[in-house]
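Here is a short briefing for work at the level of residues and contacts. Keep the sequence and the model open alongside it.

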Amino acid sequence: MTNHTFSLAWRLFRHETKRGELTIILLAIILSVASVLSLSLFSERLQQALSDKSAEFIAADRVLDADKPVDLGWIEQAKQMKLNTAHQVYARSMVFANEQMDLVDLRAADSGYPLKGKVKISQQPFSPGEITETLPATGEAWIESQLFQTLSVSIGDKIEVGDAEFTVTQVLSEVPDAGFNVFGGDPKVLIPKADLAATNIEGPGSRVGYSYFFTGEKDDLDDYYTWLKPQLDREIHDWDSVEDENTRIGRSVGRAGQYFLLASLLAIVLAAVSIAVAAQRYSQRHYDPVAIMKTLGAPKAMVQKIYLLQILFITALGITIGAVLGFVIQQLVVTAIADKVDVSIDVWHWRPLLIAIFTGTVCAVLFSLYPLLKLFSVSPLRVLRRDLGANLSSRLIQFLASGGAIFLLMWAYSQNLKVSAILFSSGIALVVGLLFVTYGLIWLGRKMGQGRMGAWQLAWARIHRRAMDNSVQLISFAVTIMLLLVVLVMRNDMVQQWQDQLPEGTPNYFMVNISQAQQPELEQHFLQNGVEVKKFYPIVRGRFAAINDEKVRTAVSKEDPEKQNQGRNGLGREANLTWSNELQNGSKVIDGKWFGDNPLPEEDPSPFQVSVEQGLAERIDIKMGDTLTFNIGSEIVHTQVTSIRDVHWQSMQPNFFFVIEPRALQNFTPTYISSFNLPTQRKADVTQLMQPFANVTLIDVDARINQLRNIVDQVSMAVEFILILVLAAGSLVLIAQVQASMDERQQELAILRTLGAKGNLIRASVVFEFVIIGVVAGIMAALANELTLYMLQTQIFQMQASLHWQYWAVAPIAGAIVVGILGALGCWRLLSLNTSHLLRQMV
Amino acid sequence: MTPELINNTNMISTKGISKIVNTTQGELQILQPISFDVKAGESVAIVGASGSGKSTLLSLLAGLDEVSDGEIYLDNQGMHSMDEEQRAQLRGAKVGFIFQSFMLVQSLTAIENIMLPAEIAGHSDAKQRALDILHKVGLEHRADHYPNQLSGGEQQRVAIARAFISEPKILFADEPTGNLDAVNSEKIEKLLFELNQNSNTTLVLVTHDQELADKCERQLHMQAGVLTEITTESEQLEQAVNAG
């Protein structure tokens, strides 16, 4: 390349930048880079924070759960791979004190525990806990509030765990990895791991589990898992991370992640659209210089180099400014919300920067490709015949280049073919639909543009005349509005569904062991204290004895005896049995029929029916029609499985593995469980509330609920900010489009002006034109929005799909208002110039 | 393909060149077969009414467009057998242009517009040449102005300077005074002919302006795509002398 070519390209670039000729395309690149960088940097920082926060729920980044101690070499390897480790042994065990006993969830932790999150303790049962950095000292045990009730102990008293004796020194208010199943957990007792041996509860046949906690950099964790994976035995080991879909938090974080991804993808598409618009305009403005250069003898290769260099200069400048701007925007947002949302402010992520640079480059290059090819094909003859445009007529290259670029970016960025394909295909559907609408409009324009030239006629006539330009513009408006709608509606639906999971007033205390006689008294007492008691569920304790007459411990199926046995043995044979014709909230029958739908009379001779929880049914191979046998007190009850239920274990509602038909259990004397909601600030009232009912055990899940709510609030808040960022990006795209199209209208305005048309007529006609375009774009956007949302919600977010009628009105109205206002503003700018200036600009 | 060469003193030589364009109504012959020569250093005006085909003829002579039929030689090189790239090279080496609408690159300053052909040709002294010629057209004080900051007359002077910077053998001018008032027209005409004579350039210009045409040695008259030659006074004189 000669120096002349470079210096000519540089000079053109410099002058054009100075004269504002490149403003639109530069703005588009800046916008794409800034929005992608700010969104992805913000979302990555937020994700990191959320993931850290969520990691608290498993007390680590990763947990290896095992049925027996693992090879110490594994832990050594983890340390060598720069991971922090901690260890905890857990067991269900009986605890004795004051001649009373209770089954507890015993946890023996070493000094590293917890790697994430905090342990909270207090000196008074049921009082708010305070964070502690220590663990029980040798010979000490920290126990949960309800154990103080059931064992009638106080701080300083002794309890027996297995063969060892411990002094209770603290109330254990909270451990991070408590789990969310209210009834899956017995009250916890925390002891030092060093003291575990003395209890002698480990040993053959004991139900002891081993948790190994790991924290560290994600890459190191992944490397470690890659190393560890071949050595894991699926029957014994379970590798957990908070991102795993099987937790509520995992799902929320997962969805939030998908949402950030979606928002960023849409930002990319928005930016790409604006670059395409700007590049088209850029190319048209350079037809003359290219024709002049060619006339003066410039070979095609030279022209190509000059303009490719220009695009490179523009891209480089755009990326630089965009990166700085994007960083500043997200830093401002992060600073603004720092006190509301935890974001790891100090973490710098290279990936968003690389993505932003990649996006800017790919957008600028691929979206300029077709306009540039057109530009290169301009004939030198244009210097004599000004009407000559470019010789390139095939739009195939344009469609392939722009479509390919968008898809490539989506795929590269999301690494999720499904999300990319859904968004891309709905985009294509929208474009095709819009082409039909546009041609409908052209037809309509022909009809309505006839007659006396008022502002409306002028608007319709212009739409008709500029059919192709308008179709491009209409499509880009509609795509922009649609993308904004998708982001807005997804956010609303998602936040709504999160909040629905934990509505205000979700019970945060559960009471068990309520006798039938206590029910009214308890309800009354609570009401007097302004607390409403929820539904009472009858409970009998039963022992799960046999499946199809085979004892649970010996039940063996032919296919996989080891697995079956393992699973069945792992099941606690003591079970809470309830009876009800009513299906619990959040439960869903997935196989068979709910017996409550057709209750049988008491005297019906058919076998008693039982409904089994899906996970348990899978684990111990219970099938429809199996006979399950329970020992309840001294009686044996045979039941037949007539339905399998999907239970929402994290709904903070009482849930049961087995629900039995009322006619089977109504002769047993049950105890009841119930729940109530008490605001955290009234925590101190618990003791007074429970005082008259000494036998009732209280389970405090307030901390759990607050943990959950906290994370949902954070994610919701983050989503709001992402929404604002995308809205800003979308608005800027609209402005860029209107500005670009205003340029094209300049000539017409100049002529109308010269011919003496009044400013008001011109202004009104331009505004009407934009209003019409805005309305049509809005309608199309609403339609495409529904289609996209349906696919996103059902295929990606695993949410319930819903229709959004309100947006059918909102989108066209908002489209008309926003696009109309932008059109009016653009028009005012042009009309403020005098006619000779306008005409001169046209030369 | 190697350009065809002939050897004579004609700067332009055309043999039966015609132009046919495709329209929605089928083919349209906008130029009937034309043959004529222009000698080196000669000044020729192509005159005729709007739509007579004079600009089409100019575009063919300058190699901006392809002939449909016939042969056309510019400085003994057969342009009819060249592709666009070869024609561009030839234009860069031997041709200068002046247009009615000036055709300056709006985003380059006056001096940069003048430098453009020299830079395209790869001359390392482009700037010095531009400054010299800018001085000749009397616009040195406007060197760093953009086209839209110059008057029409000034813009055309810049265009003339641009046309002469690479010392072309032939200069094509399309209505060079068409956008100018009488005073400026006169100045531009004067400048154009002065530079033309000083550098012994062949001049082919298209014009409506009979006064301007009369200043040329020969006039070619176009009417509905057909060329008729009008002999100028000097030629009549020359013919009379020869006859005598």
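Residues are numbered from 1 along each chain as its sequence is written, while chains are lettered from A and ligands numbered from 1 in the order in which they are written.

**Confidence**

- The model has an ipTM of 0.88 and a pTM of 0.66.
- The mean pLDDT of chain B is 85, and 91% of its residues score at least 70; pLDDT is the predictor's confidence in each residue, from 0 to 100.
- Within chain B, strand β1 (residues 4-5) has the lowest confidence, with a mean of 51. Strand β5 (residues 69-74) of chain B has the highest, at 92.
- Where pLDDT is low, predicted coordinates should not be read in detail.

**The two chains**

- Chain A holds 23 helices and 22 strands. Helices (H or I, at least four residues) and strands (E, at least two) are DSSP runs, numbered from the N terminus.
- Chain B has eight helices and eleven strands.
- Of the 843 residues in chain A, 44% are buried. A residue is buried if 20 or more other C-beta atoms lie within 10 Å of its own, exposed if 12 or fewer, and partly exposed in between, with C-beta atoms placed from the backbone.
- In chain B, 48% of the 244 residues count as buried.
- Among chain A contacts with a separation of 6 or more, 83% join residues 24 or more positions apart. Two residues are in contact if their C-beta atoms, placed from the backbone, lie within 7 Å.
- The corresponding share in chain B is 71%.

**Contact between the chains**

- Chain A brings 26 residues to the contact and chain B brings 27 residues.
- On the chain A side, α1 (3-18), α8 (287-295) and α9 (300-337) each supply at least two residues. The most come from α1(A), with six residues.
- That side of chain A has 14 nonpolar, five polar and seven charged residues. Ala, Val, Leu, Ile, Met, Phe, Trp, Tyr, Cys and Pro count as nonpolar, Asp, Glu, Lys and Arg as charged, and the others, Gly among them, as polar.

**Nonpolar cores**

- The largest nonpolar core has 194 residues; Ile29(A), Leu266(A), Ala272(A), Ile275(A) and Ala478(A) touch the most other members. A nonpolar core is a set of buried Ala, Val, Leu, Ile, Met, Phe, Trp, Tyr and Cys residues joined through C-beta atoms within 7 Å.
- Helix α7 (residues 248-285) of chain A gives the most to this core, with 19 residues.
- Domain 1 (1-55 + 250-415) and domain 3 (427-502 + 701-843) of chain A both give residues to this core, so it lies between them. Domain bounds come from an automatic or database domain assignment.
- Beyond its neighbours within four places in sequence, Ile29(A) contacts residues including Ile275(A), Ile314(A), Gly360(A) and Cys363(A).

**Strand pairing**

- Strand β1 (residues 62-66) of chain A runs antiparallel to strand β11 (residues 237-241) of chain A, with five bridges. Two strands pair if DSSP finds at least two bridges between them.
- β1(A) also pairs antiparallel with strand β10 (residues 208-215) of chain A over five bridges.
- Leu64(A) has Trp239(A) as its bridge partner in β11(A), and Tyr212(A) in β10(A).

**Around Gln149(A)**

- Gln149(A) sits in helix α4 (residues 145-150) of chain A. Gln149(A) is buried, with 21 other C-beta atoms within 10 Å.
- Gln149(A) touches Thr697(A) and Leu698(A), leaving out residues up to four places away in sequence.

How values were computed. This is a predicted model: local features need pLDDT of at least 70, side-chain atom pairs count only at pLDDT 80 or more; totals for chains, interfaces and linings use all residues.
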